[in-house]
Amino acid sequence: MKIVVCIKQVPDTKGGVAFNPDGTLNRAAMLAIMNPDDKAGLEAALRLKDQYGAEVTVLTMGLPKAKDVLQEALAMGADKAILVTDRVLGGADTWATSTTIAGAIRNLDYDLIITGRQAIDGDTAQVGPQTAEHLGLPVISYTQDIKVDGEYLHVQRQFEDRYHVLKVKMPCLLTALSELNEPRYMTPKGIWDAVDADITVWGRKDLKDVDDCNLGLAGSPTKIAKASDKVRKGAGEVIRDLDADGAAKAITDKLLEKHII
């Protein structure tokens with residue numbers, strides 16, 4: 001069983017964010033971590049490896065420093081790591097990103113692809129399903145449990161206050177929730193081995209069946225009109241010295257004024 005896990009190095013938003021003049025994130029200026037949903041997807045793959053002897057390949061698209069999350073994944077137990085990096089890929093939106101990832105994955109043998117549901121720097125939840133569409137694969141999103149049944153998977157898909165149980169034939173793509181599991185820690189031996197591990201680096205020339213017009217900022221149909229850090233809220237309006245009935249009426253009047261009710 002061969003599993004490809006797509007992971008992303010994302011800004012650690014607790015430390016604040018920085019923007020380039022064109023509105024894109026200045027990733028080089030920010031502290032970075034492995035995207036939480038992606039880490040849960042990696043843990044799911046590693047559990048399948050523990051149970052069935054699967055081979056786990058991690059793949060990321062990003063700046064050269066994205067090797068850090070690949071080394072973390074190797075230290076957790078992944079077998080191979082691939083970094084897709086090239087200046088022409090910079091500034092990509094979800095369409096251009098999924099096009100790039102699909103172009104890289106076409107070089108690999110796989111039974112299962114796992115991505116995170118969404119990344120905390122974009123929150124679109126689009127890249128996983130778009131990648132599946134590019135590759136012509138069935139996709140199940142919001143995965144919260146996985147069981148293997150021969151060439152099929154039985155997957156629990158989160159749905160509001162319940163879940164669906166779906167059966168899908170491999171090859172397929174799943175998008176994982178951070179609630180899927182509790183990711184393991186890196187082991188001391190894993191950390192030691194990851195330092196010297198070979199990480200495959202691919203660029204534009206290594207992408208398969210991809211047109212230049214669909215890559216990077218130039219190939220991104222989504223354009224950012226404006227970007228800013230957190231917008232500070234005003235102090236609000238404080239109404240004092242009202243009894244319960246008066247307070248209820250004041251709140252109702254305000255909601256009516258805002259056309260909320």
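Biologist: Which residue in β5 stands opposite L59?
Modeller: In this predicted model, L59 stands opposite I82 of β5.

Biologist: How many bridges join β4 to β5, and which way do the two strands run?
Modeller: Five bridges link β4 with β5, residues 80-84, and the strands run parallel.

Biologist: What about C6, which residue is its bridge partner in β4?
Modeller: C6 has L59 as its bridge partner in β4. The strands involved are β1, residues 2-6, and β4, which pair in the parallel sense over five bridges.

Biologist: What holds paired strands together, in general?
Modeller: Strands of a sheet pair through backbone hydrogen bonds, and the pairing can be parallel or antiparallel.

Biologist: Where do these strands sit in the whole sheet?
Modeller: The sheet is open and has nine strands, in the order β9-β8-β7-β10-β6-β1-β4-β5-β11, with mixed pairing. β9 (162-169) and β11 (200-202) are at the edges with a single partner strand each, so one side of each has no neighbour in the sheet. Direction ignored, neighbouring strands are turned by 30 degrees against each other on average.

Biologist: And β8 with β9, parallel or antiparallel?
Modeller: Antiparallel, with eight bridges joining β8, residues 152-159, to β9. Within β9, R162 is the residue opposite F159.

Biologist: Back to β4. How many of its residues are buried?
Modeller: Six of the seven residues in β4, which covers 55-61, are buried. T60 has its place in this strand.

Biologist: Why does T60 count as buried?
Modeller: The cut-off for buried is under 20% relative accessible area. T60 has 1% relative accessibility, so it counts as buried. Leaving aside neighbours within four places in sequence, T60 is in contact with I7, K8, Q9, A66, L70, I82, L83 and V84.

Biologist: Which α1 residues are buried?
Modeller: Among them are D38, G41, L42 and A45. These four are also on the contact list of V5, which includes V56, T57, V58, L59 and I114 as well, again leaving aside neighbours within four places.

Biologist: Which residues touch the most other members in the largest nonpolar core?
Modeller: V5, L42, V58, L112 and L153, out of 37 residues. There is a second, separate core of 21 residues, which includes C6, L89, I101 and A102.

Biologist: Last one: which strands do α3 and α4 lie across?
Modeller: Helix α3, residues 94-105, lies across β1, β4, β5, β6 (112-116) and β11, at about 145 degrees to β4. Helix α4, residues 127-135, lies across β6, β7 (139-149) and β10 (172-176), at about 175 degrees to β10.

Key: Residues are numbered from 1 along each chain as its sequence is written. This is a predicted model: local features need pLDDT of at least 70, side-chain atom pairs count only at pLDDT 80 or more; totals for chains, interfaces and linings use all residues. Side-chain values use heavy atoms; hydrogens and water are left out. Buried means under 20% relative accessible area, exposed over 50%, partly exposed in between (1.4 Å probe, protein chains only). Helices (H or I, at least four residues) and strands (E, at least two) are DSSP runs, numbered from the N terminus. Two strands pair if DSSP finds at least two bridges between them. A nonpolar core is a set of buried Ala, Val, Leu, Ile, Met, Phe, Trp, Tyr and Cys residues joined through side-chain atoms within 4.5 Å. Contact means heavy atoms within 4.5 Å. Axes are lines fitted to C-alpha atoms, for helices over the stretch in contact, and angles run from 0 to 180 degrees between N-to-C directions.
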